[in-house]
Amino acid sequence: MESSILDSIGSEIIGVMTPVSLCMLLVVLLVYSLSPSEQSLSGASDPFRTAANLVYLERPDDSSTQKLEGAVLNALVFVILIAIVTFLLVLLYYYNFTNFLKNYVRFSAFFVLGTMGGSIFLSIIQQFSIPVDAFTCFVLLFNFTIVGVLSLFSGGIPILLRQAYMVCMGIIMAAWFTKLPEWTTWALLLALALYDLFAVLAPGGPLKLLVELASSRDEELPALVYEARPTVSENERNRRSGLRFLLGGVSDSGSVELQVVSRDNADGRENHGDPEYSAVNVGTFGNEMHERSSDEVERLPLVGHLRDGFSSSGSSSDRSTSVNRENEIVMEEEMSPLVDMSLLGNNRQRASDSLENSLITDRGIRLGLGDFIFYSVLVGRAAMYDLMTVYACYLAIISGLGCTLILLSVCRRALPALPISITLGVLFYFLTRLLMEPFVVGTTTNLLMF
């Protein structure tokens, strides 16, 4: 029976929701500690131009119509830029510019941790008046950046350290996005949710093409992706199980018995406490394969027989008999082929099929860095208004993420993580701000509810 992620859905959901919740919490704390109270609703006092507001710079004295039109134009231009860059990355990956893409992602991580993270670090130092000199600050920032890049892209790094740096990158990017004007932020979130729906599910979507290419090549995506637990690709498993040796001996009937033993098979049998290895009788191999199903192999006590035979052969006559038999075996091996290559091909095909099924069960849930960023941007923008909106948006985002994970367990394919959560988060924000917050404040001030 095909395994499903529903067997361990509880641990999978906790493994994804915990870092998402931590990222949102730290972004809310950064917003509260670094944003002045008088600028909490209007964003930055001096608007600056970025890739997210190339067309329109929102100002507090603009009308609501101007803000809405400008926010929609900014969101449209930003989504078009992201689509162009994503299609370019797919094209480079299609023509095997994998090293260029990996170096580009490494440089992006270095830039985010070093410059954007350094700016936030300096803001924290100034806000809380932390006594630190410039040299110490530079050394700390340099070590933080280098260790982050190495932990994200090097092997042999603990998975916990890699996950921590992924959360840090999400916090840094989300803290910068919260500096955008309010109307532009909400339009941008909704536009990105729609684009994520198209990019992952549409037949010609760039993210869908990228995932299909990576799956066909059995390679890791050259992107910043959070892994709930480490996975092993099929190529790596084949490399680990490539060391094999041939185990041979003589059965009671006098025929030659051979067995190809890999390290994985040996370790598995040792773990299960089985001292005997399954062997294949070469003389009757073809007939038995037709008689038995593809999942069964005849178990013969080859190792135990050999161990008993060698321990009990104490007399010289037995030794001479075994020597003559060994000479006959050598003659037979030189006269005829022992193993049919077609049968080996069938065994290899069955092994690859079982390996593919086990790889499906071992692959954990993965969440893109963009999902961390824009979940936290929504909660960070809500934190600029009131804590009540923060609670409502957090519950909406977590509920949407849970629905997405349940759909993932049913569909068993890559799904966009932004649409449900962002839609519920934006809806809950405006419902809380326009309806729930006035009701709760009014009843509390009139001592009807406290």
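**Reading the predicted model**

Modeller: Pro438 has its place in helix H16, which covers residues 419-445, and please keep in mind that this is a predicted model.

Colleague: Is Pro438 buried, exposed or partly exposed?

Modeller: Buried would require under 20% relative accessible area and exposed would require over 50%. Because the relative accessible area of Pro438 is 40%, this residue counts as partly exposed.

Colleague: Which residues is Pro438 in contact with, leaving aside its neighbours within four places in sequence?

Modeller: Contact here means heavy atoms within 4.5 Å. Once the neighbours within four places in sequence are set aside, the contacts of Pro438 are Thr432 and Arg433.

Colleague: Which element gives the largest share of the nonpolar patch on the surface?

Modeller: The patch is formed by Val85, Leu88, Leu91, Tyr94, Tyr95, Phe97, Phe100 and Tyr104, which together have about 840 Å² of accessible area. Two or more residues come from each of helix H2 (64-94) and helix H3 (98-128). The largest share, 4 residues, comes from H2.

Colleague: How many contacts beyond four places in sequence does the model have for residues 329-362?

Modeller: The protein averages a pLDDT of 74, and 64% of the residues score at least 70. Over residues 37-44, however, the pLDDT is below 50. Residues 329-362 also stay under 50, and for this stretch the number of contacts beyond four places in sequence is 27.

Technical notes: Residues numbered from 1 in each chain as written. Predicted model: local features only at pLDDT ≥ 70, side-chain atom pairs only at ≥ 80, totals over all residues. Heavy atoms only, no water. Patch = residues over 30% accessible without salt bridge, like charges linked within 9 Å, V, L, I, M, F, W, Y side chains within 5 Å. Areas by Shrake-Rupley, 256 points an atom, 1.4 Å probe, with all protein chains shown as cover. Salt bridge = Lys/Arg side-chain N within 4 Å of Asp/Glu carboxyl O. pLDDT = per-residue confidence, 0-100. Buried < 20%, exposed > 50% of the residue type's maximum accessible area, 1.4 Å probe, protein only.
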